[in-house]
Every structure is written in C-alpha cells, then in structure tokens.
Amino acid sequence: MSACLHCGTAVEGETEAFCCPGCAMAYEIIRGVGLSRYYAEREACPPRPEPASGSWDSIPLETGPDGSVATRLVIDNLRCASCVWVTEAVLQRTPGVLGATVSYATGRASLRWDPAHTSLAVLAGRIAALGYRPRPLGAAATPDRDLTVRLGVAAFAAMNIMLLAISVYAGWWDGMEPRWAAVFRWATLVLATPVALWCAQPFFAGAIAALRQGRIHMDLPIALAVALLYGHGVLATLSGFDGYLDSLAMLVTLLLAGRMLEGRGRRHAAEAALALASSLPATARRETADGLETVPAGELRAGDRIDLGSGEEIPADGVVLEGVGEVRMALLTGESAPVAIGPGSQVVAGAIVEIGALTVAVEQAGDDTLLRRMARQLGVAADRGLAPTLADRIAPRFTLATLLAAAVTALVWWRIGGGAVALAHTVAVLVVACPCALALSQPLAAAAALGATARRGLMLRSAEPLLALGEIDIVALDKTGTVTGGTPTVISGADDAIRIAAGLERYSAHPIARALLAEAAARRIPLPAAHEVVEVPGHGISGMVDARHWTLGAGESGEICLADDRGDRSIIRLGDRIRDDAPRIVAALQSRGLRVALLTGDHAEVASAVAVQCGITEVVARCGPEGKAEWVRARQAEGHQVLLAGDGINDGPALALADVGIAMGSGAAATVLVADGVVGYPALGPVLAGFRASDAARCAIGRNQRRSIGYNVLAVLAAALGLVNPLVAAVLMPLSSGMVIWGATGVERTVRQKEER
C-alpha cells in the first residue's frame with residue numbers, strides 16, 4: 001500500500017504510483033517547470049485534478065495597447081501557501097504568459113498573456129490539471145466535494161458508532177450477553193475503519209507535510225491520536241474488550257466540519273465587491289457623422305461625443321459640451337444634493353443624470369475612469385494577507401509539549417508495566433490533550449460576539465474585523481449618509497414660504513421638491529394650486545400661486561430663495577440632518593480614548609457645521625475618493641489603526657484600505673460588499689456596539705485559552721501519572737471544549753452590562 005505522489009490518495013502497488021492519469025499529468029507539469037520542491041514543502045495535498053468546466057470563450061477580457069489580454073479568475077481549493085506558490089509559478093512559466101499572480105487571501109488569479117501563443121482555456125486547463133478549480137470572477141463557487149464526502153461519511157459513522165457505544169456502556173450495568181457485545185464491537189470497528197483510514201486523511205497529509213519541512217503542526221497530535229485510537233480499537237476488538245472508537249469518529253467529524261466552515265466563508269464578500277465596483281453601463285449612444293450609434297461602453301475612446309438623457313448612468317469621464325441639467329454624484333463625491341451642470345462641467349462615470357439632456361465629450365474611458373481606478377485600488381487592498389491568530393502562534397509549542405509528554409509517558413510506563421500499559425497511558429495523554437479546545441477558543445467567542453453585534457444592527461463579515469476593533473485608535477466617519485441622513489431636509493423656513501414652495505414643487509421629482517413636500521406634510525400645511533409651472537434644470541422652478549408669479553431658485557450655500565413679482569423674498573434653509581444618536585455615539589467613542597475625524601466631499605462650511613453638532617473637532621472637507629484613501633494610508637503610515645464608516649462608492653477604496661471598514665446598509669451596493677461590516681439600520685449606535693462586542697470577545701478568548709491550557713496541563717499530568725485511563729480521557733476530552741463553550745456564552749452578557757453603564 002502506498003500513496004499517490006500528487007494528491008495523496010491510497011493506492012496499491014509500486015512505491016511511486018498515481019491514482020489517476022490526471023495526477024500523473026499534474027506531477028509531470030510541476031516537475032517539467034522545475035518546481036519539484038513543491039512536494040517536499042506543501043502543507044496539504046491538493047484534490048484530484050478534474051477537467052476545467054464551462055466555456056472560457058465568453059469570459060470578458062481586457063485588451064492592452066500592446067495587444068496582450070488580461071482577466072481575473074477565482075481559484076477554488078487552494079489549501080496552503082505552497083498551493084498558491086506552485087499554481088502561480090506554473091502559470092508564469094507557461095509559454096505566452098506575460099504575468100500571473102495568485103492571492104491566497106482572496107483566491108484570485110490575475111493573468112495577462114499573448115493571445116498569439118496561448119488562450120484562457122489553456123490556462124484554465126493548466127490550473128485544473130494541478131487539482132484546483134478555476135472559475136470566472138462572480139461565478140458561483142464549486143463546493144469541495146472531496147471534503148464534503150469525507151465529512152458525510154465521518155458524521156454517518158460517528159452517529160451509528162455512538163449508538164452502538166451507548167448500548168455497550170449500558171450493558172455494563174444491566175448485563176449483556178458476550179456474543180452481542182462482540183457483535184457491537186465488530187460493527188463499531190467496521191464503521192470506524194473508513195473514518196480512520198480515509199476521512200482523517202487530510203490530517204495525516206498535513207502532519208506529514210509539516211514534518212517534511214521540519215515544522216510541527218496541530219495536525220500532528222490529531223493524526224497520532226487517530227492512529228493510536230484506531231490501533232488500540234483494533235487490538236481491543238480482537239482481544240474482546242472495549243476500545244475508544246466512538247471518540248475517534250466524533251473527533252474526526254468535528255474537525256472536518258470546522259475545516260469545511262472555514263473554507264466556505266473565505267473571501268466571498270471581497271470578490272463580489274470587485275465584480276460590482278468595476279462595472280460600468282453596458283452601452284452608450286455615440287455621435288457619428290451619420291447620426292447616433294449604440295456601442296458597447298468599452299469601445300468609447302477619448303474625444304468621442306455621447307448623448308445622455310434623464311435617468312441614464314454616465315459611462316465615461318468627460319466634460320459637458322451641450323445641455324444643462326442636474327447630476328447625482330453622491331455615491332462618488334459625497335455631495336448630498338444633485339449638482340447643477342452645464343457646458344464646461346466635469347462629469348464622471350457612474351454618476352446619474354437626474355434632470356436634463358446632455359452631450360458629453362469623453363476624456364477618460366474604460367480602465368482610465370475614476371470608477372475603474374477605484375476598483376483597482378479595491379483589488380489591491382482586498383489581496384492583503386490575513387494575520388495569524390494567537391492560537392496559530394501558541395499551537396506549535398502546545399503541540400510539541402503534548403508530544404514530549406506522550407513520549408515520556410510511553411517510555412516510563414513501558415519500563416514500569418510493559419507495552420499494554422504504556423499504550424493505554426500514551427493514548428490517554430494524546431486524547432485528553434487534543435488541542436481542539438485551544439483552536440476553538442477564538443472562533444466560539446468570536447461567533448458569540450458576532451451574534452451580539454448582529455442583534456444590535458452591525459453585521460460583520462468575519463471574526464477578523466471584530467477582533468481588529470480592539471486595536472483601533474482612530475475612527476473616521478463619512479458625513480453624507482453616515483453621520484447625516486444623506487438626503488436634503490428643510491432646516492428652517494416660514495410656513496408661508498414652505499406653502500408656496502411646496503405648491504410649486506408638488507409635481508416635481510427633484511430631491512429638493514421631496515424635502516419641501518415632506519416638510520409641508522410634517523407641518524400640516526395644505527398644498528395650494530399652482531399654474532403655469534416651468535422647471536428649468538439647474539436653475540429652479542417658477543409658476544403662479546395665489547395669482548402671483550413666484551420663482552424658486554438657488555441662494556447661498558445650503559439655501560433656496562423664494563421671490564415673487566412684487567420683490568418679496570423668503571429664504572428656506574436646507575441641510576442634511578445629523579442622525580439622532582450621532583452626538584451621543586461620538587462622545588462615547590471619544591470617551592474610549594478614540595480619535596474621531598469627519599471626512600466629506602462637501603464644502604468646508606457645511607462640514608464644519610455638522611462637526612460642531614456632533615462634537616467632532618477634526619474635519620477634512622472637499623475630500624474625494626482618492627483623497628479619503630490617501631488620508632487613511634497616511635494615518636496608517638503614522639502607526640495608527642483606522643476604522644472608517646461610510647456609505648458611498650467614493651468611500652470604497654478607503655473602506656478597503658482601512659483596518660476595519662463599516663458600510664451603512666442604505667449605501668452603495670459595492671461599498672456594502674467590500675466593507676468588513678454593514679450597519680443594518682440608519683444609526684451610528686451599531687458601530688459603538690461593535691467596539692463593545694470586540695472587548696467582550698477578546699476578554700473571553702484570553703480567558704478561554706488560559707482555561708484550556710490550564711486544564712490540559714493538569715489533564716496531561718494526570719494521564720501521564722496513570723491516574724486517567726483512555727476511557728476516562730475520552731470522557732474528559734469534551735470537558736475542555738465545554739469550558740470554552742461556557743466561556744463564550746458570557747459574551748452577550750458582558751456586552752449588555754457595558755450598555756447599561
């Protein structure tokens with residue numbers, strides 16, 4: 001019996017064998033490009049190679065000025081850093097490939113190649129031949145069927161073995177005929193055999209790979225415990241006494257379930273965000289000598305003239321040549337109201353024409369637009385590596401200590417009581433000290449904290465940003481849609497002025513009209529009849545009300561002016577109201593010692609007014625998408641940890657760069673997807689709840705890890721001294737995990753206590 005040289009599957013026959021032609025081909029590809037050391041350094045075996053599925057001819061490609069083409073793919077089933085290294089190296093050494101990078105943090109491959117020498121289908125087949133699964137960006141992930149089947153078999157066996165074990169244990173007290181006890185023991189061995197020899201294979205592969213690199217991995221004591229438990233179970237069944245195969249089956253099932261959950265949740269949000277943030281309108285109406293033609297937006301070039309109407313999204317950056325209107329750019333610039341534009345005004349891709357008809361001269365198209373530049377920044381930020389957890393740092397030492405204790409136990413008891421006694425006490429040491437509880441201490445407490453934040457309106461993507469909140473020392477808040485409601489609101493104005501203005505605007509869909517109508521409804525002011533109403537985009541609205549001619553137009557910053565034909569004037573002040581809880585939350589954040597800053601694309605005057613109302617002293621106004629990202633980057637260069645809360649596409653690059661990015665749920669979809677967390681309702685309170693939950697989780701994790709280590713030290717010592725036999729060890733093993741679970745349940749209580757102070 002030997003193992004496949006590529007995927008590790010057990011095979012019969014010669015020492016150097018392969019389980020299938022696909023593995024043989026993958027082996028030859030890797031050796032052929034000079035990467036043989038991959039097999040000595042990998043931490044886990046790849047899955048068996050399968051042909052690349054799907055049609056690769058329809059995948060959108062980007063053509064460069066030199067004729068090369070590029071695209072991004074997602075690669076599933078990358079199991080370790082060596083998988084990333086060998087995939088990237090094989091692609092880079094493929095003839096015709098000009099550039100290839102693979103990120104384990106996001107699972108994406110960025111490829112650029114010469115279409116005269118290779119194709120995307122060839123490259124996808126190359127990846128699939130190594131045992132990994134390529135798919136287009138945004139396509140549904142293919143589940144790891146190998147791991148799923150292993151988990152299913154282990155769970156099925158574990159449930160049935162536990163039922164048989166309960167029957168055997170019950171027979172100790174009520175009496176059971178020896179022949180039935182023997183039947184149950186043999187049935188248990190039959191069920192446990194595939195669990196030990198096949199389901200647990202990933203742990204054996206990980207342990208062996210780590211040993212080849214001279215490292216000690218947490219898979220090692222697990223593999224040893226499984227091997228010894230199974231060996232002990234075989235001997236016990238042959239000798240007619242009870243083994244501990246129920247513990248073996250349950251241990252393998254729980255560990256496989258944890259591995260599957262970890263793989264399923266990895267990087268999904270960042271991938272979806274990049275696919276959405278990099279999108280532009282599919283088509284554009286371009287002027288030609290013969291009239292208008294509809295062309296794909298990707299074919300636009302600098303100098304083209306395009307026509308746009310109300311409700312259309314601008315497909316390229318440019319300057320207005322003809323027409324007047326209003327454009328909503330809140331998601332790109334942070335402005336809370338539509339911007340009046342006319343000939344000479346700059347417009348950007350992704351903005352929406354609210355009112356008017358425009359002719360625009362294209363200046364930047366495709367990858368050069370502001371929207372695409374932001375998407376590239378998001379891509380770079382999303383490829384950041386993940387920091388190792390405390391359990392990752394402790395595990396090697398903990399594992400080494402466990403193995404040394406088991407070795408000493410085996411040696412001492414071999415001399416004292418012989419092989420049978422030494423085996424029993426060694427198995428007890430390995431089982432009772434299984435490092436599962438140490439590994440579970442962080443995810444269980446973090447899961448409880450994630451539930452606590454979700455119940456308070458903050459949905460965090462994973463445990464990583466939750467725990468990172470404990471290191472934050474600067475909180476940067478976007479103004480529009482985050483600190484404020486994000487829509488124009490009437491701040492002040494006389495009832496008579498509100499009545500006339502709302503009457504003029506009663507049939508308009510303009511955001512200012514909606515604000516005036518809402519204010520009139522709030523004040524219970526009946527709307528008068530208006531006649532001869534004329535709305536001029538970018539200038540205002542006029543008409544007859546009460547037999548007088550009125551004009552409503554822009555005044556000073558944040559004001560609209562109502563004037564009649566007799567010269568009477570009234571001022572209605574508009575603003576973006578701050579959220580009700582903003583001052584209280586800002587004060588609470590500052591009381592934690594956090595530095596709070598306000599970032600906005602609005603005017604300095606408007607930003608300062610909002611900051612004063614909230615109690616914020618640090619204000620950065622006229623700050624565009626790239627400016628916000630630079631501000632975050634500069635603070636990080638100074639050694640600070642930054643949390644950014646925002647709601648617009650303009651916040652996307654900064655959200656991705658920030659140590660923790662929080663998006664308001666009512667904001668742009670791309671922003672919501674790229675952020676580390678989403679606020680579910682219009683308030684800032686959930687952000688503060690996130691800090692409180694992070695504090696509670698970090699305390700619980702530290703407490704759980706101390707309890708787990710303390711318990712394991714005492715348990716290992718007792719087992720090594722012969723005070724704990726394997727059966728008792730199998731019963732005690734869940735106790736450490738139970739302590740961790742009990743500690744995690746206190747997270748919600750701690751958060752509630754912090755709220756009541």
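Q: What makes E13, E12 and E15 an open sheet, and in what order do the strands lie?
A: These 3 strands, in the order E13-E12-E15, form an open sheet with antiparallel pairing. Strands here are DSSP runs (E, at least two residues; helices are H or I, at least four), numbered from the N terminus. Strand E13 (339–341) and strand E15 (352–356) each have a single partner strand, so one side of each has no neighbour in the sheet. From one strand to the next, the twist averages 30°.

This is a predicted model, where local features need pLDDT of at least 70, side-chain atom pairs count only at pLDDT 80 or more, and totals for chains, interfaces and linings use all residues. Residues are numbered from 1 along each chain as its sequence is written, and side-chain values use heavy atoms, leaving out hydrogens and water.

Q: How do you know that strand E12 is joined to E15?
A: Pairing takes at least two bridges found by DSSP, and 4 bridges join E12 (residues 325–328) to E15. For Arg 328, the bridge partner in E15 is Ile 352.

Q: What makes the contact between H18 and H19?
A: Contact means heavy atoms within 4.5 Å, and the residues involved include Ile 498 and Ala 501 of H18 and Leu 516 and Leu 517 of H19.

Terms used
Axes fitted to C-alpha atoms, helices over the stretch in contact; angles between N-to-C directions.
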